[in-house]
Structure formats: structure tokens, C-alpha cells
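The following paragraphs lead through a two-chain structure, beginning with a single residue and ending at the interface. Please keep the sequence and the coordinates in view while reading.

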Amino acid sequence: MARIIVVTSGKGGVGKTTSSAAIASGLALQGKKTAVIDFDIGLRNLDLILGCERRVVYDFVNVLNKEATLKQALIKDKRCENLYILPASQTRDKDALTFDGVEAVLTELKEQGFEYIICDSPAGIEHGALMALYFADEAIVTTNPEVSSVRDSDRILGILDAKSRRAEQGLEPVRQHLLLTRYNPQRVVDGEMLSVEDVLEILSIPLLGVIPESSAVLNASNKGVPVVFDSEADAGLAYQDTIARLLGEERPLRFVQAEKKGFLKRLFGG
Amino acid sequence: MSSQPSLKGSSFTLSVLQLDNRDAEQAIEYLAAKIAQAPNFFRYAPLVVQLDGSEHQVDFETLKRGIEALDMRIVGVTGWQHEALKAQIHGAGLATMQGGAATSQPTPSQAPSSHANKDAQTPARQSAMVVKTPVRSGQQIYARDRDLIVLGAVSNGAEVIADGSVQVYGALRGRAIAGAQGDTEAHIICHNLQAELCSIAGSYWLSDQIEPDYWQQPALISRSQDALQIETLQI
């Protein structure tokens, strides 16, 4: 049975697309047949992060309008054979997304044997974001450890509880996971950032992972290679842990404690 | 299939004419006076006639004609206790009804007018609305004519409103409005007070008006002499 997972947040710039790309790639590396769909119609980014921007011929909206088949539009990833990308359209607007159209695409992906369908949501709580979350079985709520991001995530959690298909049809509610990104333990110690505990207390949903703030993330995005491939970087390892937890494994949290300064560093500063 | 008619049970709130005195003419006069106060409200309104259970004769024909002349419609008659009376009601072309909350608590000693006024002012007591999920930012919950109990937290940007009291078992970070229809006896109870706004029957405090000593503490907020009062909840 395919799992439809929406990566959402409410607020923009918190790392939805980076996380979608990393999680989809990670699942595919674990041998799961995975599709990742860019719902940010008009602001196409996912293809850049995944490094397939030059291979986009048809897009999601072409499929919805029956101008292309799903098979024609799906881009097979060059690094992992189990990963397929459905890019957003850059020239249309989000009203191109319809309930029937999106449902038909998701149904066809399920029929083709995809085990994971990752929906990369646009920011906001408008039509595009609602379409991305409507059919979801699970939601990964991406949040930065600061108050405005946490409040927007809270809003999205309320919308998941009220406006998803599962809520409307009275089915089992959408399973919610918290993914805390851009976490900087030193700034938490300094009182400049909310701690994991602070965020969990406000949102009260299970924690899926904590991704440390890292220059490796920006590098990875610029190169078009998802950060999960970078086993040297904290952020890459943290995404690997996150994916393992999504697959049901138990892993301890890493990279959430500030580095202790050595004696000399404390003495001379640094 | 769905286009076929179907018969379902359903409940409605109806006006009840308490016929304590068996004089049909007097009842019609009383109704006419009521309708004069709000003609549009009662126009074609359904009406249930409640008998008091005694054996006096009622002129159902007169009652029916009189009420229809006032542009109201009798849905049925309730409170009959004999088969003979039931037959009379049917004979007048009226339906007989059983049950209704009012039949279980008959108050034959009260005059119809005082009874009707009481009904209009104090709605029947209802049990509290219980919300078992967290109330998220942007959500609004309103408990009409009753208390509201929230078992989870109320987030910043969420609103919990009740005509009665509000109780929040998690952290209260959003807005809490008790006594929304003006009940000054309503109160707000929470186990961790961080509210953006607390209001009881129109008197309100913003978060910066709450004494710092009570912040993030279990608290009871009530209203006395047009002002809010706060005390720590001792459990």
C-alpha cells in the first residue's frame, strides 16, 4: 500500500523542498520505489535541488491537462534508480491543480507500484498548499526553531486536522511528524533559538528528526545533489536518521547538544 | 437509489403551548397577544399543544381554527392521558405526540405566561462541550449555551469561546472568552496561563495585563463587580 506523504510548513524558506528531495532520495536509496511531486506551480525548484532541471520536458500541469502522459512527464533520477520526479510547471498558475486531476495522478502512481509518494508543498495556506496536503496519509511538518515558523506550523496542523480528505471523510487522521530544520545547538544555549523541547511543547506531535544548520545544505542545493548523499556532513547523517525513523527504525537524536569547548578554548576564547 | 424518498427520525426544537387552563378561547387570546409582539417571528411557526393531564374537556376544533387564524400551525398534541381524549384529538384532525422534555417535568401550577417567559430567557442546561484534540492556531471553537472543556493546549492565534465557562487542561496560549452572551458567573480555568486574551462577559485582559506572578501558573479567572479577578489554582 503506497504511503502519500506531504512535506509542508505554512511558512516559506524553512526547508520543505530541501527536505522533500533528501527524504525522497533517501527512501529510494533504501530500495523503495518513490515518486516526488513538486506542487509549487509557478515557482519550480525541486528539479534544481535534485539536479534534473535540464531534463524537464513535460510537467505536472501538462499531465493534469492531459497534454502528456504521466510516463512522459516522470523524470527518472540518475543517481538512484528507484526515484522519479514530477516537476511543477513554471509558466502556469496554481489554479491548474484540481481535486480530480491530482487524485487521478496519485491513483496512477499507486497503480504503477510506487511505495512512497512525496508531495512537496508550496508555502502558505492557499490552494496549492491545500491540494498538496488534501490526499496525504502522513505529513512531515518542517519547522525552524523560531516563533513565527512554529506558529505557522501550528496553523498547518490545524488545517490537516480539518481540511484533508481523511478529516473530511472521518477516516483515521493524517499521521503528523515534526521535522526540525536549521537547528543550531549553540544558539539554543545562548537563548537565541527555541530548543527541541520548546517546539515539541507547543506543537505536541511526534518528532521525526532534527537537521542541524549546516553549510553542506546550501552547497548540496547549489550542486543539485540532495544533502542525504553527503555522509561527511551532519545534515546528511541527520536526514539518513530521519528516513530510518520514517521506515520504523528507532534511532537516537544526534547533533542536538552544543559542542563543549575545550579548556584552552575557554581560556583564550574562540 | 439516492433519488428515492426515505423516512428518517429527527428532532426539532418547537414552541409548546402549555394548556393548563382548558379554555381554548383564553389560550388563543394569549397567543394573539404574543404574536402581536413579534408578528414575523411566529408566522407559519409550528406549535405543539401540551395538555396538563386532567380530565377536562377541550374544544380542539375551536383551538385548531383559532390557531390557524393566527397563521400558526399545530404539529400535534401531547400530554393526553386517556384513549378517549386521544380519539377526540384525532377526530379534530390533529396528530398525537409522545415524549418531549417538557412532559417529564409538568408544572401545572404555573401560569402559561410566566412559563413561556422563563423558557425564552434561560435556555435548557446542556452538558459541556469536550474537545480532546489540541486547538491549533487559526481554529475557533464556540460552545453555544454551555461550558467548554479543552483537554489539550490552546495555541497562540486560536480562540476558545463559550456562553458558559472555559476550562483548558493544557497550556492556554490563545484567546479564551467565557460568558460570551453576558453570563457574569462564568469563569476561565487553565492549568498553564499564557493567554493572549481572557474575557468574561465583556471584561477582558490582554496578556500584558495579567500579573506576572500568575504567568505560566494554574489559574482561575472570574468576574466580580465589573472587573476580572485572578487566583492561583490550588490542587
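Thr17(A) lies in helix α1 of chain A, where helices (H or I, at least four residues) and strands (E, at least two) are DSSP runs, numbered from the N terminus. The model is a predicted one, in which local features need pLDDT of at least 70 and side-chain atom pairs count only at pLDDT 80 or more, whereas totals for chains, interfaces and linings use all residues. Residues are numbered from 1 along each chain as its sequence is written, chains are lettered from A and ligands numbered from 1 in the order in which they are written, and side-chain values use heavy atoms, with hydrogens and water left out.

Thr17(A) counts as buried because its relative accessibility is 17%; buried means under 20% relative accessible area, exposed over 50%, and partly exposed in between (1.4 Å probe, protein chains only). Leaving aside residues up to four places away in sequence, Thr17(A) touches Asn45(A), Leu46(A), Ile49(A) and Asp120(A), contact being defined as heavy atoms within 4.5 Å.

Val14(A) is placed in the loop between β1 (3-8) and α1 (16-29) of chain A. At 2% relative accessibility, Val14(A) is likewise counted as buried. With residues up to four places away in sequence again excluded, its contacts are Ser9(A), Thr142(A), Asn144(A), Ser149(A) and Thr181(A). UniProt includes both Val14(A) and Thr17(A) in a "binding site" feature (unreviewed entry); such annotations may be inferred rather than shown by experiment, and their positions are given in the numbering used here, with feature names shortened.

In chain B, the secondary structure comprises 6 helices and 14 strands, and 39% of the 235 residues are buried. UniProt assigns residues 130-231 of chain B to "domain: Septum formation inhibitor MinC C-terminal" (unreviewed entry). That span is 0% helix and 48% strand, with its end C-alpha atoms 24 Å apart.

How do the two chains meet? At their interface, 9 residues of chain B are in contact with 12 residues of chain A. Together the chains bury about 880 Å², 37% of it on carbon and sulfur atoms; buried area is the accessible area (1.4 Å probe) that two parts lose on being put together, summed over both. Arg136(B), Ser137(B) and Arg173(B) supply 60% of the area that chain B buries against chain A, more than any other three residues. The interface also holds 3 salt bridges, each a side-chain nitrogen of Lys or Arg within 4 Å of a carboxyl oxygen of Asp or Glu. Asp154(A) forms a salt bridge with Arg136(B), the closest N and O atoms being 3.1 Å apart.
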